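Let's take a friendly walk through this structure, with an eye on charged pairs and on helix packing. Please keep the sequence and the 3D view open as you read.

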Amino acid sequence: MTVVGPFGLSVRDQALEADVQAGLAAVEEGLLEATKSEVPFITEAAQHLVRAGGKRFRPLLVMLAAQFGDPYAPGIVPSAVVVELTHLATLYHDDVMDEADVRRGVDSANIRWGNSVAVLTGDFLFARASHILADLGPEAVRIQAEAFERLVTGQILETAGPRDGRDPIDHYLDVLGGKTGSLVAVAGRFGAMMSGADETVVDILTQYGERLGIAFQLADDVLDIASDSHESGKTPGTDLREGIATMPVLRLRERVARLGLAEDIALAELLESDLSDDARHAEALSRLREHPALEHARRDTIRYAEEARSTLAPLPDCYAKAALVELCDAVVHRAG
């Protein structure tokens, strides 16, 4: 049993392990190649987050999905590079919107070079992803375009907030489906599609990726509250400080509306106050870490991970399927 990929995922077959490791190594080379520019400063900025590392969660899913067809098909590695480049580009933009200081354990690009450079670097990565996509055919371009539309729509919905009468948690899950689920779904879809897998398999792995992506983001919500910066690679409570209501906060508000307990109301009021003050921010983080709302958000993570696992049932039993199941477990474990 060897550890590969994010969260210490273990692969129990030597041939599968070799395929995954070789694929991820090729993706890493592809990322470095795709982020090179004739302008050295652009190369430095574009490779900032590539070289900072990361879980390579999406490329790993591409490699595992490809096992249900020909895992050596020529489009697999480029499609994994496209998905990861798109993800990296969104991180540059997210850090500007969130005014984040740290990403993957290093200074965020906006802190290092300013917002304008960070936004333009994200645009540069989108352009390079599009260039690679053009060689993968019109169907790949269409799939990526639809996912990108969903991703941007999710971000806009998050910014706009729920419309009157809409349940905030349902709205938030729609946001996560767009912002995160859409691109993870593409990872599963590209891996299966590029390998020539049966269309039924492609559909299953697309649905799996959508649900796993939502579970992954819900786990991130929990980590933003529960972890320290060493564990998460970014400053804890960033969303709290920026007034972004993630699932733990939404579950607290739901509890306030349902039970009306004084201590819940007091915490909700604290979270809605100005948390730019470090002492107030630390108090809010500490109190939310001890609140049942955080455990409720963990249960939400488990629910979506279980839904992802259940979609895999029709697939034939094999080491790749076992690894996909373990990936669900790993996401849950990540949320504690």
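## A linked set of charges

A network of salt bridges joins Glu139, Arg142, Glu146 and Arg189. Keep in mind as you look that this is a predicted model.

How accessible are the two partners? Glu146 has 38% relative accessibility and is therefore partly exposed, while Arg142, at 35%, also counts as partly exposed.

## Other salt bridges

How many salt bridges does the structure hold? The count is 23. As a reminder of the background, side chains of opposite charge can pair when their charged atoms come close.

One of these pairs is Asp174 with Arg166, whose side chains meet at 2.8 Å, N to O. Asp174 is partly exposed, with a relative accessibility of 41%. Arg166 is at 24%; a residue is called buried only under 20%, so Arg166 counts as partly exposed.

Another pair is Lys36 and Glu33, where the closest N and O atoms are 3.3 Å apart. Lys36 is partly exposed, at 44% relative accessibility.

## Ala219 in helix 10

Now turn to Ala219, which sits in helix 10 (residues 199-226). Is Ala219 buried or exposed? Its relative accessibility is 0%, so Ala219 counts as buried.

Leaving aside residues up to four places away in sequence, Ala219 touches Thr301, Val331, Arg334 and Ala335. Tyr172 is 47 residues from Ala219 along the chain, and the C-alpha atoms of the two are separated by 14 Å.

## Helix 10 against helix 17

Two packed helices are described by the angle between their axes and the distance between the axes. The axes of helix 10 and helix 17 (residues 319-334) come within 8 Å and cross at roughly 20°. Angles under 35 degrees count as roughly parallel, which means that helix 10 is roughly parallel to helix 17. The crossing of these two helices is left-handed.

On the helix 10 side, the contact is made by Leu205, Tyr208, Leu212, Ala215, Phe216, Ala219, Asp220 and Leu223. Helix 17 contributes Leu324, Leu327, Cys328, Val331 and Arg334. Sorted by class, the contact of helix 10 with helix 17 has 11 nonpolar residues, two charged ones and no polar ones.

Notes
Residues are numbered from 1 along each chain as its sequence is written. This is a predicted model: local features need pLDDT of at least 70, side-chain atom pairs count only at pLDDT 80 or more; totals for chains, interfaces and linings use all residues. Side-chain values use heavy atoms; hydrogens and water are left out. A salt bridge is a side-chain nitrogen of Lys or Arg within 4 Å of a carboxyl oxygen of Asp or Glu. Buried means under 20% relative accessible area, exposed over 50%, partly exposed in between (1.4 Å probe, protein chains only). Helices (H or I, at least four residues) and strands (E, at least two) are DSSP runs, numbered from the N terminus. Contact means heavy atoms within 4.5 Å. Axes are lines fitted to C-alpha atoms, for helices over the stretch in contact, and angles run from 0 to 180 degrees between N-to-C directions. Angles under 35 degrees count as roughly parallel, over 145 as roughly antiparallel, 65 to 115 as roughly perpendicular and the rest as oblique. A crossing is left-handed if the near helix is turned anticlockwise from the far one by less than a right angle, and right-handed if clockwise. Ala, Val, Leu, Ile, Met, Phe, Trp, Tyr, Cys and Pro count as nonpolar, Asp, Glu, Lys and Arg as charged, and the others, Gly among them, as polar.
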